[in-house]
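Hello,

Here is the structure I promised to pass on. My notes follow below it.

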Amino acid sequence: MDNFCKVLTKDGMVRALALDATEIVEQARRIHETTPVMTAALGRTLAAASMLGSLLKSPKDTLTLQIKGDGPAGGIMTVSDAEGNVRGYPGNPDVDLPLNEKGKLDVAGAIGREGTLTVIKDLNLKEPYIGRTPIVSGEIAEDVTHYLMVSEQTPSAVALGVLVDRDWSVKKAGGFLIQLMPGADELTITKLEWAIAHTAPVTELLEQGLSPEDILRRLLEEFEVEVLERGEKCYRCDCSRERVERVLISMGAKELETLAREQEVTEVGCQFCTQKYRFTSEELLNLVDSLRNAE
Ligand SMILES: [Zn+2]
């Protein structure tokens, strides 16, 4: 089922994306066994990463969105492929905080109000693109908006939301991203600001049964829009034994020999999906051999 939509206004002045990330965030919650506040923190970041990732141009590009603040969450790491399929993990999945003064999950309290947001775009060039801005609120949507304005010079409106149910499962999660394209005029900006100021939280719109396309059509009802893409985004980890081997090899021969000597079986877990990979001492020593032969 489609859970994503991307549109452009006919005049080319506004680009907008919306994502129903309910399934993605629920899967992340089950993998990482997050508390409600961490489900919200990780879920908002995953939704943002997916939408930013879906703006990448080539199929092999990837986007990393990392938020590192001084709060107990210990940072959030997310990665999106060029289709907007995402994976991620929290530094600490167990953070438990009282609701904030608005009666909401205290994401800013978990993330912290000091720190940095980093975006790394691997565009398969010599060097990846790296943009970094300070955290402005720790609520993530504002932080991503600030990054897009300061680092990418793109005026944007970002809304992100995760609604956690009583049994800690994800009831609704999603977001939208609206961007002014070069040449957008004052009237367009005024109309957009009004629409954004008068819209309900994104989780509420999803609860009403609106699809991502419905949400965009409602937000942009003053504009004629053209749908550029409808699709399905997933939680997806592409780890493999070969990839883990490459990580082990990058530790160097000495380190691997020490590991092989110390324990009969070395277990390496993928941080994104918690899949476990086991290597016997013999297998590790074979990797050392292949390293030495390559020298
Ligand atoms: Zn994995």
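**Notes on the model**

Asn100 counts as buried because its relative accessibility is 17%. Buried means under 20% relative accessible area, exposed means over 50%, and partly exposed lies in between (1.4 Å probe, protein chains only).

This is a predicted model, in which local features need pLDDT of at least 70 and side-chain atom pairs count only at pLDDT 80 or more, while totals for chains, interfaces and linings use all residues. Residues are numbered from 1 along each chain as its sequence is written, and side-chain values use heavy atoms, with hydrogens and water left out.

Back to Asn100. Asn100 sits in the loop between strand E5 (86-90) and helix H3 (107-111). Helices (H or I, at least four residues) and strands (E, at least two) are DSSP runs, numbered from the N terminus. Leaving aside residues up to four places away in sequence, Asn100 touches Leu105, Asp106 and Glu139. Contact means heavy atoms within 4.5 Å.

**Zinc site**

Which residues are the protein donors of the zinc ion? They are Cys237, Cys239, Cys270 and Cys273, each through SG, at 2.2 to 2.3 Å from the ion. Donors are N, O and S atoms within 2.8 Å of the metal (3.2 Å for Na, K and Ca); water is not among the atoms, so sites may look incomplete. The arrangement is tetrahedral because the four donor atoms subtend angles of 103 to 117° around the zinc ion. Four donors count as tetrahedral if all angles lie between 85 and 135 degrees.

The donor spacing in sequence is C-x1-C-x30-C-x2-C. Cys239 and Cys273 link distant parts of the chain, 34 residues apart. Cys239 is in the loop between strand E10 (225-231) and helix H8 (241-250). Cys273 is in the loop between strand E11 (265-269) and strand E12 (276-280). Cys239 counts as partly exposed because its relative accessibility is 22%.

**Whole chain**

The chain has 10 helices and 12 strands. Its C-alpha trace spans about 70 × 45 × 35 Å along the principal axes. Of the 295 residues, 49% are buried. Among contacts with a separation of 6 or more, 65% are between residues 24 or more positions apart.

The domain assignment gives domain 1 (4-231) and domain 2 (241-294). Such bounds come from an automatic or database domain assignment. The C-alpha centres of domain 1 and domain 2 lie 36 Å apart. Seven residues from domain 1 and five residues from domain 2 make the contact.

Best wishes

Terms used: Four donors count as tetrahedral if all angles lie between 85 and 135 degrees; four count as square planar and six as octahedral if opposite donors are over 155 degrees apart and all others between 65 and 115; anything else is irregular.
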